[in-house]
Amino acid sequence: MHGPASPGWLLVALCAATGAYCLLRMRSGVEEQRRAAGGEALMGFGMAAMAVPPAVFTPPAWAWPAFAAVFGAAGLRSLWAARTSTHHLHHLVGTGAMVYMAAVMAASPASAHAHGHAHGGSGVPLLTGVLLLYFTGYILLSGVRLLPVAGVGGAAVAWSDRPEVARACRLSMGIGMLAMLLTM
């Protein structure tokens, strides 16, 4: 996505760190945790790759359709997994947003990439606005879920199985997605 280099690098770092933690979560003893972590790792690393500032690296023309294909396949997997867990519906929306952003970047002319104007001067497209509303709501809900509950304690849990860290990871990716949509 496009914008100033400093926030772009911060977004790359946030998404890459989130993807790395999700890889650690794939070592969990809980099968559902491993499955969700794999999709989230793909999202984190994919978002990091798409957020690299264009002043540093401008992807070749084939990269955007490749991103769309990879995230389209991940979306189909999320759709299949949503039969058993509603959490995968969020993954479906996230992969759909990634396909949408990759398609917009593939369709925009090279000059728009260089100047950070992917959608022209006509305002925010409807789908972008819907995705912005969805991810804003998701971020607010995820933030509320991170609030500590008084009197809740438990046994020591491995880092890969800590639910609050997994929630923080998802919150970080939601913030990253919102930032990417805003800079489109």
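Visitor: Hi! Which helix does Trp9 lie in?
Guide: Trp9 sits in helix H1, which covers residues 5-25. Bear in mind that this is a predicted model.

Visitor: And is Trp9 buried, exposed or partly exposed?
Guide: Trp9 has a relative accessible area of 40%, so it counts as partly exposed.

Visitor: Which residues make the nonpolar surface patch?
Guide: Trp9, Val56 and Phe57 make that nonpolar patch, with an area of about 320 Å².

Visitor: Let's switch to charges. How many salt bridges are there?
Guide: The count comes to two salt bridges. In one of them, the side chains of Arg25 and Glu40 meet at 2.6 Å, N to O.

Visitor: What does the pair of Arg25 and Glu40 tie together?
Guide: Arg25 belongs to helix H1 and Glu40 to helix H2, so the pair links parts that are 15 residues apart in sequence.

Visitor: Which residue does Glu40 meet in the other salt bridge?
Guide: That would be Arg170, with the side chains meeting at 2.7 Å, N to O. Glu40 is in helix H2 and Arg170 in helix H7, so this pair ties together parts 130 residues apart in sequence. Through shared partners, the salt bridges join Arg25, Glu40 and Arg170 into one network.

Visitor: Are those residues buried or exposed?
Guide: Arg25 is buried, with a relative accessible area of 0%. Glu40 also counts as buried, at 2% relative accessibility, and Arg170 is buried too.

Visitor: Okay, new topic: cavities. How many are there of 30 Å³ or more?
Guide: There are two cavities of 30 Å³ or more.

Visitor: Which residues lie nearest the centre of the largest cavity?
Guide: Met43, His90, His91, Gly94 and Met173 do, out of 13 residues that line the largest cavity.

Visitor: Which helices supply at least two residues of the lining?
Guide: Helix H2 (31-50), helix H4 (87-107), helix H6 (126-145) and helix H7 (163-182) each supply at least two residues of the largest cavity's lining.

Visitor: And how do the lining residues divide into nonpolar, polar and charged?
Guide: For the largest cavity, six are nonpolar, five polar and two charged.

Visitor: Last one: where is Leu133 found, and is Leu133 buried or exposed?
Guide: Leu133 is found in helix H6. Its relative accessible area is 66%, so Leu133 counts as exposed.

Visitor: How far apart are Leu133 and Leu178?
Guide: They are 45 residues apart in sequence, while their C-alpha atoms are 9.0 Å apart in space.

Terms used
Residues numbered from 1 in each chain as written. Predicted model: local features only at pLDDT ≥ 70, side-chain atom pairs only at ≥ 80, totals over all residues. Heavy atoms only, no water. 1 Å grid on protein atoms, 1.4 Å probe; cavity = no way out; pocket = protein on both sides within 12 Å on 5 of 7 lines; lining within 4 Å. Points joined across faces, edges and corners; volume = space filled by probe spheres on them. Helix = DSSP H or I, 4+ residues; strand = E, 2+ residues; numbered from the N terminus. Nonpolar A, V, L, I, M, F, W, Y, C, P; charged D, E, K, R; others polar. Patch = residues over 30% accessible without salt bridge, like charges linked within 9 Å, V, L, I, M, F, W, Y side chains within 5 Å. Areas by Shrake-Rupley, 256 points an atom, 1.4 Å probe, with all protein chains shown as cover. Salt bridge = Lys/Arg side-chain N within 4 Å of Asp/Glu carboxyl O. Buried < 20%, exposed > 50% of the residue type's maximum accessible area, 1.4 Å probe, protein only.
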